[in-house]
Amino acid sequence: MKTIKYILVGALAIVFGCNGGIDPITPVEPGADETAPVVTIDFPVAGTKIELPEEVSSVNIQFEVSDDIEVGTIEVMYDDTEIGSFNSFIDYRRTIKLLVYDNVTYGNHTVTVTATDLDGKSTTASVDFEKAPPYIPKYDGEIFYLPFDGEYMDMISFKTANVVGTPGFANESVVGPKSYQGATDSYLTFPTEGLQNQEFSAIFWMKVNAVPDRAGILVMGPVDEENPDAMNNRTGGFRFFRENAGGKQRFKLNVGTGDGETWIDGGSAADVDPTIDEWVHFAFTISPTKAVVYIDGQVVKEGDFAGIDWTGCDLLSIMSGVPRFEGWDHTSDLSLMDELRIFNKTLTQEEIQNIITEESGKDFTYTPKYDGEILYMPFEDSYLEYVSQADATTVGTPGFEAGKVGQAYKGSADSYLTFPTDGLLGTKFSASFWLKINATPDRAGILIAGPEDTDNPEYPDMQNDRTSGFRFFRENAGGNQRFKLNAGNGTTDVWFDGGETANVDPTTGNWVHFAFTISDTESVVYIDGEVVAQGDFSGVDWTGCDILSIMSGVPRFSEWGHLSDESLMDELRLFNKALTQEEVQTIMGDDN
């Protein structure tokens with residue numbers, strides 16, 4: 001046995017001595033060359049637009065060639081000129097090349113890559129792209145624009161982002177050929193010089209990936225010297241991020257005032273379902289008095305705000321909270337992002353909606369949020385009714401002021417809105433809205449849909465036909481304001497007057513929620529979600545009720561002095577159903 005052992009040891013020594021411990025290479029026949037090479041051009045891609053300040057610049061041509069046996073030659077053409085040729089490859093079956101061509105002028109150009117294998121079979125791939133004059137900001141106040149079309153360049157400053165990790169580009173987008181593709185431990189940073197102003201807005205698109213279930217999106221905050229490994233200093237700058245909310249993703253904005261912080265958290269109104277696999281538009285605005293978050297052009301939360309403090313905010317992180325906002329694990333976002341723009345002004349809702357329409361190619365339309373909703377007026381700097389996309393008729397000089405959600409209608413003397421009632425009137429009817437009450441004048445009409453009173457001797461200035469439609473109004477009651485509903489059944493009118501239960505103190509300065517419902521059996525009035533008046537009713541008659549007056553009794557209910565209401569109104573909704581108390585309370589809660 002010893003002899004055999006020594007022989008084996010000697011044999012092993014000879015093998016290791018000859019091959020250095022590496023298995024010897026055994027030749028293998030390559031087989032038949034059956035297919036032509038495969039050519040993929042990674043950049044530029046179709047639709048790429050290069051926008052640089054130089055009249056003549058360069059393009060990084062990136063491509064990949066593979067073959068089942070062996071690549072023989074590769075030829076690269078720019079328009080009709082050969083700019084590259086290759087015939088030697090480290091990996092003869094697959095090669096990745098980067099070729100920089102530095103004579104790109106304004107206009108449309110074509111890159112062509114032709115690969116030929118050793119058997120003479122060839123494949124050609126071409127892509128058209130454009131070298132355009134420098135980007136000129138499209139929108140008022142635009143100071144930063146990242147289209148993510150194959151590069152991380154701000155098209156206004158022509159600065160390129162600092163790239164951390166391995167983010168990439170997805171071959172899908174809202175605008176252009178590509179979008180940002182997030183990756184683990186990956187994000188972009190930019191210096192903030194020129195981006196910090198007392199008015200600030202950011203807008204962008206995302207296709208949300210809920211993994212991880214929380215992430216930073218845009219962060220411009222100061223260093224947290226007390227927690228250098230898990231920074232979370234929220235006294236300056238802003239943090240826009242997302243978190244899991246029962247399977248949905250909730251989007252939040254936090255802004256620092258120098259001495260403290262303000263949260264703009266819309267709760268469930270700011271939730272997005274990440275399983276829908278659709279592009280969603282986000283925007284937020286910051287001014288010296290308030291901050292607002294929008295999703296798909298709708299206000300999801302607004303809050304009063306004392307003005308942003310930019311101290312120490314020298315870094316903008318894109319698609320991660322790292323490095324300035326990671327104390328709560330808001331790290332890299334693996335979602336897609338497209339068309340990131342920053343502004344040195346506070347965008348209005350109309351401006352945001354116009355950008356959405358221009359970038360997505362779709363008309364901005366409102367999808368009713370609640371069952372039976374047939375009219376919605378949020379009063380966001382316009383008197384647009386969102387369901388029909390029609391504007392109300394304006395009488396006098398009403399205006400706008402900060403509201404319960406976003407902006408609100410601000411009443412003024414001899415001023416109100418009217419809207420045609422086509423499609424609004426049925427056997428069941430409900431209204432829901434908020435008021436911040438101004439008790440001057442001490443009585444006013446709020447919502448009126450009644451007939452023309454041609455029998456009144458003072459016609460047309462003193463109308464008061466109450467046999468059809470409804471009248472919701474307020475009156476002084478010992479310093480309080482009492483809210484009442486009157487509805488006509490075709491023969492007579494019925495009162496729903498809760499007495500003291502329906503009183504509201506107008507001196508509190510609080511927003512108060514109102515709702516009333518009409519069915520063919522009863523009518524109910526709610527204040528702050530509680531029933532204040534309820535009674536049997538045989539059903540409303542709509543004869544002659546062709547207009548709805550908003551924030552005035554004029555023109556159909558003026559005889560008793562219920563004229564223009566100078567209060568604030570917000571979030572007016574009408575329904576073709578009788579809301580339940582639970583539904584009224586849900587709507588009220590959604591706006592808080």
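Modeller: Helices (H or I, at least four residues) and strands (E, at least two) are DSSP runs that are numbered from the N terminus. This is a predicted model, in which local features need pLDDT of at least 70 and side-chain atom pairs count only at pLDDT 80 or more, while totals for chains, interfaces and linings use all residues. Residues are numbered from 1 along each chain as its sequence is written, and side-chain values use heavy atoms, with hydrogens and water left out.

Biologist: How many helices and strands does the protein chain have?

Modeller: The protein chain has 3 helices and 42 strands. The radius of gyration, taken over C-alpha atoms, is compared with a globule rule of 2.2 Å times the number of residues to the power 0.38. For 592 residues that rule gives 25 Å, and the protein chain is at 34 Å, well over it, so the chain is more spread out than a compact globule.

Biologist: Where do cis peptide bonds occur, and what is omega there?

Modeller: One joins V322 and P323, with omega about 5°, and P323 is placed in the loop between β23 (315-318) and β24 (336-343). Another joins V554 and P555, again with omega about 5°, and P555 lies in the loop between β41 (547-550) and β42 (568-575).
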